[in-house]
Amino acid sequence: MAAIECIELSKVYSRRFTALNNITLTIEEGTTFGLLGENGAGKSTLVRILMGFIFPTSGRVRVLGEEEVQRAHRRIGYVHERPIFETRFSGRAYLSYLGQLSGLWDHANRARVAHVLEEVKLHEAADRAIATYSKGMLQRLAIAQALLSEPELLILDEPTSGLDPRSQWEVRQSIAALRKQGKTILLCSHYLAEVEALCDAVGILRRGRLILSGSVADLLHSPGVVEIALAARQSAQSVVEQLQIADQIIETQGNLLRCTEAAQPAILAALVSAGIPIVSLNPVSRSLEEVYVSTTGDGDGPDTPIASGAARARTEQEGKR
Amino acid sequence: MREIDLQPASVASSFLRALMALWRGPELTVARFTLKSYVRSGWILGDIVFVWFLYALFFYEFGGNVTYFYGTAGQGLGVLAILDTIVMARRAMSARLYLPLARLSSRSSYLRGLVLATAALRIPLFLLTLLLAAGYHAHIPVLGIQGATVSNMLPGAIGLLLNCMILSTLTVALSTPIATRRIQIIFLAWLAGILYSNTNPGIVAQYLTVLRIPLAPLSASYGFGQGTAIDLYGAAMLLLAAGYIVGLTLLADFWLRRRDLILL
């Protein structure tokens with residue numbers, strides 16, 4: 001079942017500015033979905049629509065089966081893009097208030113608040129005023145409040161933005177733990193490595209359009225390309241020249257040769273017959289950074305949507321227009 | 001058919017359960033927290049200083065009667081109702097709103113909570129004004145206000161509190177992001193029309209007196225502090241004034257439900 005469905009979703013703020021342009025996206029239950037995009041790409045607008053804070057200009061959205069998304073609020077944990085708390089209250093007191101709004105009272109409230117504070121390792125600072133918290137602590141408090149009502153879906157808008165490396169690591173650990181619990185997570189982030197490490201599927205927004213979406217595994221795999229590692233001291237370039245196989249090679253780098261799967265048997269045969277030792281042979285995968293850069297290009301090109309074949313998240317923008 | 005248990009114990013327990021549900025409802029939870037937050041922010045000290053200033057300015061040397069007390073306190077506390085509601089609404093309608101709102105199934109309960117908080121604050125501030133007037137003029141019988149009796153103080157207190165609550169609810173309804181700029185400007189134009197009709201002679205001003213009609217319940221409520229009895233007309237105006245609070249809350253709710261909330 002889909003946790004989030006957006007169908008031909010658009011948001012136009014003014015005649016000159018379209019924040020979201022005909023987005024169609026499905027995020028299945030139990031998936032950790034990473035939403036990438038530069039500043040102003042439309043990530044926060046999409047999140048605000050999913051939370052019911054703003055309304056789409058056209059198109060439909062369904063969150064946890066509810067078209068009127070506010071009805072699903074008790075089943076959603078939400079982390080805002082920057083920590084926004086009543087700083088004169090202690091972490092425990094503020095969480096207690098939010099718990100009450102979620103229908104948690106008395107012992108249930110106290111127990112749940114203590115549990116989530118422990119989960120994000122804030123229990124020792126729980127009775128201090130929020131004003132005294134560091135940025136990392138504020139972000140962990142934000143995650144704690146999102147977990148209060150044991151949500152089915154977590155919407156995390158840049159949860160590690162502006163944090164030091166240690167705090168980033170701690171927040172990522174919390175997200176990884178939630179992923180293990182099988183929660184559906186929508187993670188908006190600028191950090192490609194973070195999304196690559198934490199997410200099952202990813203979508204890239206650019207100028208309000210979803211230009212790419214698919215499973216991380218599919219996107220990182222370069223179909224039909226293999227990498228042959230030669231002995232460490234062997235220069236791949238000189239081997240290519242020696243065996244005169246340059247026309248079959250995609251690229252060389254140090255002791256590495258890259259070629260198509262089709263050319264692989266001939267190249268291996270040439271290497272073996274020349275007595276050149278081979279250390280390993282692997283299918284090539286790309287980093288999410290490479291995928292992101294190749295998809296978004298130089299920043300001025302056309303925003304053509306690309307959908308990975310095995311993707312659960314789909315882009316169907318152009319065809320449905 | 002289901003039998004209804006009318007035993008006193010059962011009725012009492014049902015009543016208590018209903019009270020508990022009300023107390024734990026999102027509206028009262030938001031109202032309590034909004035008030036706590038306002039107190040902790042220190043703005044409440046500003047309110048107390050304002051009341052003290054009001055007392056020092058108008059009541060310190062006064063040996064005034066009930067009419068003077070309500071005439072002066074009504075205007076001062078009215079201004080205070082507008083000022084501290086602006087502060088409270090600005091605090092409550094900032095980006096902090098997102099987290100409570102992310103838990104509620106509608107924006108209405110948050111808005112009603114805010115209206116309740118701003119209205120509830122009128123009561124202690126009125127009591128403080130009364131206490132100051134009473135405390136410093138204790139030599140004057142009954143509350144330090146000449147000619148004061150419970151029966152002639154009560155209608156004025158009801159009228160004053162209702163007027164202040166109308167003003168605070170109106171301020172919430174006209175605050176950003178609830179009201180659009182166009183609505184705020186229309187309201188200001190209405191206010192300007194009323195002032196013009198009050199202060200200028202001529203045919204235009206005469207026609208503009210029609211704009212004063214909606215003020216009738218406020219005027220009647222003010223009159224209870226000036227010795228006007230609560231007769232049938234007064235009671236109707238009181239009901240209408242209470243209806244204004246409900247109506248303004250519903251109107252604000254209608255506006256807020258349709259607004260994109262992009263808060264900083």
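Modeller: Bear in mind that this is a predicted model.

Biologist: Which element of chain A holds Glu8(A)?

Modeller: Phi of Glu8(A) is near 45 degrees, which is positive, and the residue is not a glycine. Its location is strand β1 (residues 2-14) of chain A.

Biologist: Is Lys121(A) buried, exposed or partly exposed?

Modeller: Lys121(A) also has a positive phi, about 60 degrees, without being a glycine. This lysine sits in the loop between α3 (106-119) and α4 (135-147) of chain A. A residue is buried at 20 or more other C-beta atoms within 10 Å and exposed at 12 or fewer. Lys121(A) has 14 such neighbours, so it is partly exposed.

Biologist: Which residues touch the most other members of the largest nonpolar core?

Modeller: That core has 132 residues. One residue in question touches Phe33(A), Leu35(A) and Ile175(A), among others. The two with the most contacts to other members are Ile155(A) and Leu187(A).

Biologist: Which helix gives the most to this core?

Modeller: The contribution is 10 residues, and the helix lies in chain B. It spans residues 66-92 and is α4.

Biologist: How many residues are in the second, separate core?

Modeller: Its members include Val226(A), Leu230(A), Ala236(A) and Leu257(A). The count for this second core is eight.

Key. Residues numbered from 1 in each chain as written. Chains lettered and ligands numbered in written order. Predicted model: local features only at pLDDT ≥ 70, side-chain atom pairs only at ≥ 80, totals over all residues. Helix = DSSP H or I, 4+ residues; strand = E, 2+ residues; numbered from the N terminus. Core = buried A, V, L, I, M, F, W, Y, C linked by C-beta atoms within 7 Å. Contact = placed C-beta atoms within 7 Å. Lists of a residue's contacts leave out its neighbours within four places in sequence.
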